[in-house]
Amino acid sequence: MKLRTKFSLLNSFLIIAVILGVSIFLFIAEKRLLIQEMEKNQTNIIKGLAQVGKESLITNDEILLINYVNLVERTRGVMYAMVTAPQGKILAHTDVNLLGTIANDTIAIKARSSNELVTQSYVDKGKQNIVDIALPIFINQNKTGIARIGFSRDSLHEIVEETLRETRRRIFGVAIVVLIIGFIGAIILAQMMTRPIKQMAKGAELIGQGKLDTTIVVKSNDELESLARDLNKMSSQLKEIDQMKSDFLASVTHELKSPLTSLIMYVDLFLQGAAGKLNEKAEKFLKIMERSSKRLSRFIDDLLDMAKIERGKMEIKKESLEILPIVSEIAELIKPQADEKDIEIAMNIPDNLPLVFVDGDRTRQIITNLLSNSVKFTPEKGKISIKIQDEKECLQLSLSDTGIGIPPEQIGKIFDKFEQVKEIRERVKGPRGTGLGLAIVKSLVEAQGGKIWVESEVDKGSTFYFTLPKQTT
Ligand code: ADP
């Protein structure tokens, strides 16, 4: 999982947890507040009834009391209201039929002996949950009556639920808005945090690929910025060391090249009989010397080419050329090696190909290298096919062999310098090679504006493709 996704998920999870926590807390707090409010309200209503009861008892105004009791009944949640004498005789009741009767239920008995607010819950005949509240009425410290109200618990519950429903809707709305803002914020935050890490990872990858000119730019004003600075310092030190190594290699190989060239020349002169006729043994030894020194010379040429490429000093002199003669010339040149292993080289090249705009010598070097690799890595009685296809802006050349192939995990590496597939090297007879050929070929193809790639299957064969730019008119 990507670092950015991880950060976003973590932040989002935290946001959801916080919002959920806050919402639940708000909801519970609101519910508690509402219940407290309802209870306060009930106390106020009973206090109001007791007050009016007191006044009507003082003034003997029964009508006032009855009217007030009826008014109280209209309050939502009130099931009944009454005012009784201290011993239970009903003086006013929402049910007029009960006027004058004696209230003798448990709450009436409880209230009779209490000077405080009395509350009791019960289920009535209609299976309703009722909370009955009774408050004594005092005139000059004498208990002269009792005010009582029965509240329907279900209807109070309904009122609480209704209000809470609204609260829930409000909290949900706010939570959604905060959640959206939070998610966007989480993504932006994650992006801000992972950008410098990504830049560094990309830079480190490029440095790892040998692109030592890479500079990682991170301006985050924190530890990541100093880490990027350290990486840059490391890559510039690596570059210095790499440069020293290249310079050393270039001068050593250069120094080796001239004596080796004269060695090859003199061996050649000996073989041509310039120093008199050679006996069979001398000729055999000289031929071995010739082969070995030529191989060494090729290795030195490769090293010098690589050094030139790395210093950006490889000269490419482009000109308009016909590709067919070049391919045929090299196929002819390699043929003796192919014949030794009974390998057939087949060419499938259409007529009237357009001209290419390339460096002739470098193109020869590319094809020679690829073709001799094909011969080297193809067992006896194999086949090599050379094809050319006319593409839009380039000619695409392909060299297919029925050789030993390249394992998939190695395909990405074989164009790197000094890279050789171990299993292949062990299976192939003859000189071991240097692992520089394909690195040089790739640089030369790219320096001419082309591309190179390979498709391969172990024990079936490989096809190397490369493109050469066409001449533009
Ligand atoms: P060298 O041939 O000197 O080893 P190259 O750079 O030319 O170096 O090739 C690198 C490696 O790629 C070879 O060692 C071999 O493992 C692999 N390779 C190249 N061409 C082929 C091919 N046609 N078939 C199979 N493997 C190949």
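Here is a short chat about a pocket and a ligand in this predicted model.

Biologist: Let's start with the second largest pocket. What is its volume, and which residues are closest to its centre?

Modeller: The volume is about 1,000 Å³. Of the 27 lining residues, Q209, G210, K211, E310 and K417 are the closest to the centre.

Biologist: What makes a residue a lining residue?

Modeller: It needs an atom within 4 Å of a point of the pocket.

Biologist: Why do you say that the second largest pocket lies between domain 2 and domain 3?

Modeller: Both domain 2 (223–311) and domain 3 (319–469) give residues to its lining, so that is where the pocket lies. Going by elements, helix 5 (223–271), helix 6 (280–310) and helix 11 (437–447) each give two or more residues. Helix 11 gives the most, with 6 residues.

Biologist: And how does that lining divide by class?

Modeller: There are 10 charged, 9 nonpolar and 8 polar residues.

Biologist: Now the ligand. How do you know that N373 belongs to its surroundings?

Modeller: A residue counts as near if one of its heavy atoms lies within 4 Å. N373 is one of the 20 residues that surround the ligand, and it is listed with D401, Q420, T434 and L438 as the closest.

Biologist: How much of the ligand does the protein bury?

Modeller: Alone, the ligand exposes 530 Å², and the protein buries 97% of that.

Biologist: Which elements give two or more residues to the shell?

Modeller: Those are helix 8 (360–376), helix 11 and strand 12 (461–469). Helix 8 gives the most, with 3 residues. By class, the shell has 9 polar, 8 nonpolar and 3 charged residues.

Note on methods
Residues numbered from 1 in each chain as written. Predicted model: local features only at pLDDT ≥ 70, side-chain atom pairs only at ≥ 80, totals over all residues. Heavy atoms only, no water. 1 Å grid on protein atoms, 1.4 Å probe; cavity = no way out; pocket = protein on both sides within 12 Å on 5 of 7 lines; lining within 4 Å. Points joined across faces, edges and corners; volume = space filled by probe spheres on them. Helix = DSSP H or I, 4+ residues; strand = E, 2+ residues; numbered from the N terminus. Nonpolar A, V, L, I, M, F, W, Y, C, P; charged D, E, K, R; others polar. Domains from an automatic or database assignment. Areas by Shrake-Rupley, 256 points an atom, 1.4 Å probe, with all protein chains shown as cover.
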